[in-house]
Amino acid sequence: MANEKNQNNNENNVAEGIKNTAGAAFHAVHRGLEVTEDAAMNAVDATANAVKNVNRNKDNNQ
């Protein structure tokens, strides 16, 4: 009976370990996507600002 209980505890520990590892991996991927999105949006903002500046300079030179 004690062996069976120990085996069940070991199986539960393994299952929890797998869950925790998968959760950590998903969080890491999610964070990586957020970082990529932030970088892309910063590039979009920089491009939009550059276009505004070019248009503003063009208007000032006319």
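Start with burial: buried residues make up 0% of the 62 residues in the protein. Buried means under 20% relative accessible area, exposed means over 50%, and partly exposed lies in between, with a 1.4 Å probe and protein chains only. This is a predicted model, where local features need pLDDT of at least 70, side-chain atom pairs count only at pLDDT 80 or more, and totals for chains, interfaces and linings use all residues. Residues are numbered from 1 along each chain as its sequence is written, and side-chain values use heavy atoms, leaving out hydrogens and water.

**The whole chain**

Show the cartoon. The secondary structure comes to one helix and zero strands. Helices (H or I, at least four residues) and strands (E, at least two) are DSSP runs, numbered from the N terminus. The radius of gyration is 27 Å, well over the 11 Å that the globule rule gives for 62 residues, so the protein is more spread out than a compact globule. That radius is taken over C-alpha atoms, and the rule is 2.2 Å times the number of residues to the power 0.38. Along the principal axes, the C-alpha atoms fill a box of roughly 90 × 5 × 5 Å.

A salt bridge is a side-chain nitrogen of Lys or Arg within 4 Å of a carboxyl oxygen of Asp or Glu.

Select K19 and E16. They form a salt bridge, with the closest N and O atoms 3.9 Å apart. Both lie in helix α1 (residues 2–60), three residues apart, about one turn of the helix. K19 counts as exposed because its relative accessibility is 55%. E16, at 40%, counts as partly exposed.

**Second stop: R31 and E34**

Move to R31 and E34. Their side chains meet in a salt bridge at 3.3 Å, N to O. This pair also lies in helix α1, three residues apart, about one turn of the helix. R31 has 47% relative accessibility, so R31 counts as partly exposed. E34 counts as partly exposed too, at 31%.

**Last stop: V44**

Select V44, which is in helix α1. With 46% relative accessibility, V44 counts as partly exposed.
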